[in-house]
Amino acid sequence: MIPEIKFSKAPASAAIAKVYMDLASLKASSLPADWLKVMEHHGYPEGEWIQVALAPGAVWLYTTRQTATRYGIDGEHIAMEEFRKAGFRLERLCKAHKIKSLQTEFHPSQPKGHEALLEGLMLSSYRFDRYLKSSKSTAHRKGSPEKDSKSFSVHPLNLSKETTSELVELCRAVYIARDLVNEPQSVLGAVELAQAFKAMGKDSGFKVKVWNKARIEEEGMGGIMAVNRGSVRPPTFTIMEYKPAGAVNKQPILLVGKGVVYDTGGLSLKPTPGSMDSMKCDMAGAAAVGATMQAIAKNRLPVYVIALVPATDNRPGGDAYAPGDIIRISDGTTVEVLNTDAEGRLILADALHYAKRFKPELVVDLATLTGSAVMALSSHATPCMGTADRAQVQAMVDAGFRCYERLVPIPIWEEYGEMIKTSVADLKNIGGREAGAITAAKFLEHFTNYPWLHLDIAGPAFLDGESTYRGKHGTGHGVRLLYAYLRYRAMLPKPPVQAAGSRSSSKFNRKSQ
């Protein structure tokens, strides 16, 4: 649970974590001589917490490891990530020593580093333990945040309350996204997911409208209806809107999240080990966009945003759709289904077509869409594809570096469209073994007529093992990325624009003329 952040004076018994930006500043400080002797004994290590006083009034010192630009990543971004990881290690130290209060200290000139340390510490405090017999968790089952822990408080020196409060709300949103992903499908179906969004909207101040199965069918959303045919549980389509007075954008930015609450693969059945056993995470994109809506509403960002979530499970029961079927998406496009385990793109197609009516400034979809994305980039980055121009793409890539949810731009040239052609329908839903992430994006592109970015988060959304502050299992990936982009957009009077004189070929992809 998120530590309680306090701006009052820390109790005398509080542990202290001090960060120094370099060895020179550490040696020049007025620290007690015995503390410096401990540091000398350890060889003045960089990038490590060294305990120089014992609990309960424990003191840890940290000297920053100097970073430089590498692999095209600015040294400052790498440094901030080092501080987040330091926050993770600090949280584990506090837990091991049963620390109740912690005072964190940075030089006043380094607020960004201090924020990153707190961010890593807070994100590392997450636990999904509500189903353990020993757990005392009273977390709301439908998306409300867990009650903050009163057993661990953090007292950050020289940080503004406003900045820290914004960071706390962002971390709370990540917690909610993680909770939604980690809930078993027996608890969280499409209806329950929509109810969670309604609770979040009520708590945070954004509008939520939920369509039931009858309305989805009335709208002709054949992708969602086809995937849902094998299930006994109804689908939902959720529309969330945050439109504050004084928003910087007249045309909304749309977020679209894949909401397959459980994916068996349908009749193209997945194997269980290492595959179906983690498919409760197939709605991680939906969780991310919903939690992002909460974060921007709680922090009152002046940006107009709409989020769309098509949601269903994908099962092989009843009258399940089958390989060889031809279905019709809501825009009239026919699709030959060759694999029922390529279902996410079918429900997203309906949502992307629906997005056209809003005449959006930009549409960003997040989806755990392909194993191909995982094979290419593992869990360390996300493929970024689409039709947005270079300025919009670069703004999103920069946001990814700032929060270290990194993006790798990948082209979707028109030649890839040949791989999803078929003689019996307008499109087929798979393109073969090669370039799977790209052909999936190429399929989605067909349903857009606006600037669009597709983020395939299959790799970083759910982790089998712990990865520092990202944790284990649901990571809440995408919330911090989208928030970083929207926060940047909220500071601009107009959308990011391509520089004058840039070549028209700077787009990711140009549709055939």
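**Note on helix packing in a predicted model**

1. The axes of helix 12 (residues 390–403) and helix 14 come within 8 Å and cross at roughly 125°. Axes here are lines fitted to C-alpha atoms, for helices over the stretch in contact, with angles from 0 to 180 degrees between N-to-C directions. Helix 12 is therefore oblique to helix 14 (angles under 35 degrees count as roughly parallel, over 145 as roughly antiparallel, 65 to 115 as roughly perpendicular and the rest as oblique).

2. On the helix 12 side, the contact is made by Gln392, Ala395, Met396, Ala399, Gly400, Arg402 and Cys403; helix 14 supplies Arg480, Leu481, Ala484, Tyr485 and Tyr488. Contact means heavy atoms within 4.5 Å. By class, the contact of helix 12 with helix 14 has 8 nonpolar, 2 polar and 2 charged residues (Ala, Val, Leu, Ile, Met, Phe, Trp, Tyr, Cys and Pro count as nonpolar, Asp, Glu, Lys and Arg as charged, and the others, Gly among them, as polar).

3. On the source: this is a predicted model, in which local features need pLDDT of at least 70 and side-chain atom pairs count only at pLDDT 80 or more, while totals for chains, interfaces and linings use all residues. Residues are numbered from 1 along each chain as its sequence is written, and side-chain values use heavy atoms, with hydrogens and water left out.

4. Helix 14 (residues 479–490) also packs with helix 5 (residues 161–182), at an angle of about 140° and with the axes 10 Å apart. That angle makes helix 5 oblique to helix 14. Helix 5 contributes Glu166, Leu170, Ala173, Val174 and Ala177 to the contact, and helix 14 contributes Val479, Arg480, Tyr483 and Arg487. By class, the contact of helix 5 with helix 14 has 6 nonpolar, no polar and 3 charged residues.

5. Helix 6 (residues 190–204) and helix 9 (residues 284–298) pack at about 10°, their axes 9 Å apart, which means that helix 6 is roughly parallel to helix 9. From helix 6 the contact takes Leu193, Phe197, Met200, Asp203 and Ser204; from helix 9 it takes Ala286, Gly290, Ala291, Gln294, Ala297 and Lys298. By class, the contact of helix 6 with helix 9 has 6 nonpolar, 3 polar and 2 charged residues.

6. Helix 13 (residues 436–445) is largely enclosed by the rest of the structure, because 10 of its 10 residues are buried (under 20% relative accessible area; exposed is over 50%, partly exposed in between; 1.4 Å probe, protein chains only). Among them are Lys442 and Glu445.

7. Thr64 lies in the loop between strand 4 (59–63) and helix 3 (75–96). At 8% relative accessibility, Thr64 counts as buried. Not counting residues up to four places away in sequence, Thr64 touches Val19, Tyr20, Met21, Glu46, Gly47 and Phe83.

8. As for the whole chain, there are 14 helices and 20 strands (DSSP runs numbered from the N terminus: H or I of at least four residues for helices, E of at least two for strands). Of the 513 residues of the chain, 58% count as buried. Among contacts between residues at least 6 apart in sequence, 78% join residues at least 24 apart. The C-alpha atoms fill a box of roughly 80 × 60 × 45 Å along the principal axes.
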